[in-house]
Amino acid sequence: MSFFITTVAFQLKAISSLTATCGSCITQVRFAQKKFPSLYDQLKKPRPVAGTPGVCLKRIVYYEDEYTVKPLKVKGLGGRDPVTGRKIIQGWGGGIKHKYHWVQFNRQGPTEDVPPIEEKVIQLLFDGNRSARLALVAGGDQLKYYLATVNMKPGDILRTSSYIPPIPVTPNEGDAYPLGALPEGTLVHNLQKTPSSDQRLLHAAGTCGTIIKKSKEHVIVKMPSKHEFLLDPKCMACVGRIGNLEHATTPIGSAPKWRQLGFRPRSGLWQRKTGRFGRKIRAPKKIVCQNTKVPIPRFNMDE
């Protein structure tokens, strides 16, 4: 009997337990629940590698072959994978459709001791795909979009140079210079991670870094998170703090505004109770007086 039970349990991949009760053997067999993986789990997904661009689940921007200030077409993904279409982020979807403005983050100037490149600010405008404001800049026969700083206004002259002089320069807000050419205590944004790199730091509304220490080989920049980055002096950076300071402190205000920004509501099945619910205060029950005196029985001990 025990051999037969063991054989069946092995073939069915079950868990068997024998319990002796009153001299009899009770066998309980519980089948192991086998969960088959989905088709998405069976796909071989590549592991992320540092330095490679990630996958944006918010939107797809259709870039032109050459840089242009013409608004680009955008396709909203709503939190879905652009290849498989699988829903990755449940809280994204909908919202107002905005055209995308192609910002020129790469600002390179002459590397020799010559006058810097000068450009003029024409207009400040709003872009619904980012928190920072943009500045339409004209230089020569080209138009570009730069990140607008706090005190930038139409008519300002922006200078760009990649030359590091022996004496630090005196920059104006919106200028672009290498970190080695700027004095200590300068506020910077649109900062390169490494020389000749397209990866940038500090490009959100109201953010900036501070140059706290310099040497011939390295420059230390303090971030808004209080972290200190050790960077190469040849890394380009723009001077000043990015505008739209009220972005971080402006409340959403209403549920329709939250939907306009591209966020879907929660399920609504459960919400944490707050103090606004309060307690139900009811009137006390009326007091009813009852005669609880019961005559005490008496016993005659003589009987």
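The questions and answers that follow concern side-chain contacts in this predicted model.

Q: Why are Glu118 and Arg159 called a salt bridge?
A: The cut-off is 4 Å between a side-chain nitrogen of Lys or Arg and a carboxyl oxygen of Asp or Glu. The closest N and O atoms of Glu118 and Arg159 are 3.6 Å apart. That is within 4 Å, so the label applies.

Q: What makes this pair a tie between parts apart in sequence?
A: Glu118 lies in strand β5 (residues 117-125), and Arg159 lies in strand β8 (residues 157-160). The pair therefore ties together parts that are 41 residues apart in sequence.

Q: Why does Arg159 count as partly exposed?
A: Its relative accessibility is 25%. Buried needs under 20% and exposed over 50%, so Arg159 falls in between.

Q: How do you know that Arg130 and Asp127 meet in a salt bridge?
A: The N to O distance is 3.0 Å. The limit is 4 Å, so the pair of Arg130 and Asp127 qualifies. Asp127 counts as buried, at 0% relative accessibility.

Q: What are the labels of Lys153 and Asp156, buried or exposed or in between?
A: Lys153 has a relative accessible area of 48% and is partly exposed. Asp156 has 18%, under the 20% limit, so Asp156 is buried. The two form a salt bridge, with the closest N and O atoms 3.4 Å apart. By the same rule the count comes to four salt bridges.

Q: Why is the pair of Tyr63 and Tyr100 called edge-to-face?
A: The ring centres are 6.1 Å apart, within the 6.5 Å limit for a pair. Tyr63 is in the loop between β3 (59-61) and β4 (74-76), and Tyr100 is in the loop between β4 and β5, 37 residues apart.

Q: What makes Trp258 and Phe263 a stacked pair?
A: The distance is 4.7 Å centre to centre, with 25° between the planes. Planes under 30 degrees apart count as stacked, so this pair does. Trp258 is partly exposed at 37% relative accessibility, and Phe263 is partly exposed at 25%.

Q: How do you know that the charged end of Lys58 sits over the ring of Trp92?
A: The charged end of Lys58 is 4.5 Å from the ring centre of Trp92. The distance limit is 6 Å, and the rule also limits the angle to the ring normal. Arg107 likewise lies over the face of Tyr146, at 4.3 Å from the ring centre.

Technical notes
Residues numbered from 1 in each chain as written. Predicted model: local features only at pLDDT ≥ 70, side-chain atom pairs only at ≥ 80, totals over all residues. Heavy atoms only, no water. Helix = DSSP H or I, 4+ residues; strand = E, 2+ residues; numbered from the N terminus. Buried < 20%, exposed > 50% of the residue type's maximum accessible area, 1.4 Å probe, protein only. Phe/Tyr/Trp six-rings, centres within 6.5 Å; stacked < 30°, edge-to-face > 60°. Lys NZ or Arg CZ within 6 Å of the ring centre and 35° of its normal.
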